[in-house]
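Biologist: I would like to learn how to read this kind of model. Please take me through it feature by feature.

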Amino acid sequence: NVGNTQAAKKATLSETKKTIGVGTYGEDNFYFHKAKTKYCVTVKNAQKGAAYAFVSSNKKVVTVKKSGTKGYLTGVKAGTATVTVKQTLKGKTVTVGKCKVTVKNATVSATENANETLGMGDNVQIGGAERDAICYIKYLNPDATYTYKSNDSNLKMTQVKADAEWAVGKGYFCYAQKYTAKKPGTYTVTLQEKYKGKTKNVGKFKVIIHDTVIQDS
């Protein structure tokens with residue numbers, strides 16, 4: 001059927017709703033890649049010889065940069081905007097579709113490790129999965145710098161970038177927390193984010209450091 005064939009080839013968007021963080025790329029199942037996890041809207045069934053344009057309704061929330069049939073998104077600040085994609089072919093311009101983009105700020109929450117498994121001394125909690133980390137930063141911006149501020153000098157924490165090529169593939173990485181604990185107790189840690197010269201508090205979480213114990217096996 002000619003009509004069905006033409007309909008099947010009609011250009012469409014890869015998605016009509018998308019939630020991203022501030023920045024140019026984010027996580028994929030806890031892992032990051034500078035190229036492969038970029039925020040992007042793609043034209044599917046692109047027409048041969050056609051040109052595509054990507055336009056944001058609010059550049060203060062999200063900007064978009066075209067590369068062929070892909071529109072690479074950058075989250076500017078929290079909010080919503082619509083990315084409209086148009087196709088020009090043989091002098092005729094039509095709208096392919098619209099994608100509602102929601103940009104969210106980073107948030108932080110403690111994992112079970114934060115109160116169950118942390119001991120004294122110097123340690124690094126490495127792992128791409130939430131279960132391996134002290135805290136989980138949702139909508140983390142890899143282009144930003146994150147600093148951990150403890151309410152007590154007996155606990156110090158820093159964020160480290162960890163290689164994840166062994167788990168996912170070349171170029172992939174994840175984030176871990178390195179900490180030094182000099183005294184057992186309950187601490188309050190404030191996460192700060194610095195991006196484009198501006199620093200703000202992301203949130204707070206509790207960390208419990210346990211003294212060493214010996215158990216019968």
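Modeller: Start with pairing. Two strands pair if DSSP finds at least two bridges between them. Strands (E, at least two residues) and helices (H or I, at least four) are DSSP runs, numbered from the N terminus. Here, three strands form an open sheet in the order E12-E15-E16, with antiparallel pairing.

Biologist: Before we go on, what kind of model is this, and how are its residues numbered?

Modeller: This is a predicted model: local features need pLDDT of at least 70, side-chain atom pairs count only at pLDDT 80 or more, and totals for chains, interfaces and linings use all residues. Residues are numbered from 1 along each chain as its sequence is written, and side-chain values use heavy atoms, with hydrogens and water left out.

Biologist: How many bridges join E12 to E15?

Modeller: Six, and E12 and strand E15 (residues 185-195) run antiparallel. Thr145 stands opposite Lys194 in E15.

Biologist: And in which sense do E2 and E8 pair?

Modeller: Parallel, over five bridges between E2 and strand E8 (residues 92-104). Take Lys18: its bridge partner in E8 is Val101. E8 also pairs with E7, in the antiparallel sense, over eleven bridges. There, Thr82 stands opposite Lys100 in E8.

Biologist: What does the hairpin of E7 and E8 look like?

Modeller: Two residues lie between the strands, and Lys90 takes a positive phi near 55°. Other residues have a positive phi too. Asn29 has one of about 55° although it is not a glycine. Asn29 lies in the loop between E2 and E3. Tyr139, also not a glycine, has a phi near 60°. Tyr139 sits in the loop between strand E11 (135-138) and E12.

Biologist: Now a residue within a strand. What does Thr84 touch beyond its sequence neighbours?

Modeller: Contact means heavy atoms within 4.5 Å. Thr84 lies in strand E7 (residues 79-89). Leaving aside neighbours within four places in sequence, Thr84 contacts Ala53, Phe54, Val55, Thr95, Gly97 and Lys98. At 16% relative accessibility, Thr84 counts as buried.

Biologist: How many salt bridges does a search of the whole structure find?

Modeller: Side chains of opposite charge can pair when their charged atoms come close. A salt bridge needs a side-chain nitrogen of Lys or Arg within 4 Å of a carboxyl oxygen of Asp or Glu. The search finds one. Glu15 and Lys18 meet in a salt bridge at 3.2 Å, N to O. Glu15 is partly exposed, at 25%. Lys18 counts as buried, at 18%.

Biologist: How many aromatic pairs does the structure hold?

Modeller: A pair of aromatic rings is described by the distance of the centres and the angle of the planes. Rings of Phe, Tyr and Trp (its six-membered ring) pair if their centres lie within 6.5 Å; planes under 30 degrees apart are stacked, over 60 edge-to-face, the rest tilted. The structure holds five such pairs. One of them joins Phe32 and Phe173: centres 5.8 Å apart and planes at 20°, so the pair is stacked. Phe32 is in the loop between strand E2 (17-21) and strand E3 (40-44), and Phe173 in strand E14 (residues 173-181), 141 residues apart. Both Phe32 and Phe173 are buried.

Biologist: Why is the pair of Phe32 and Tyr175 called edge-to-face?

Modeller: The centres of Phe32 and Tyr175 are 5.3 Å apart and their planes are at 75°, so the pair is edge-to-face. Tyr175 lies in strand E14, so the pair ties together parts 143 residues apart in sequence. Phe32 has a relative accessible area of 3%, and Tyr175 is buried at 16%. Phe32, Phe173 and Tyr175 form one aromatic cluster.

Biologist: Which charged end sits over the ring of Phe173?

Modeller: The test is NZ of Lys or CZ of Arg within 6 Å of the ring centre and within 35 degrees of the ring normal. The charged end of Lys161 sits over Phe173, 4.2 Å from the ring centre. Lys38 lies over the face of Tyr72, at 5.1 Å from the ring centre.

Definitions and conventions: Buried < 20%, exposed > 50% of the residue type's maximum accessible area, 1.4 Å probe, protein only.
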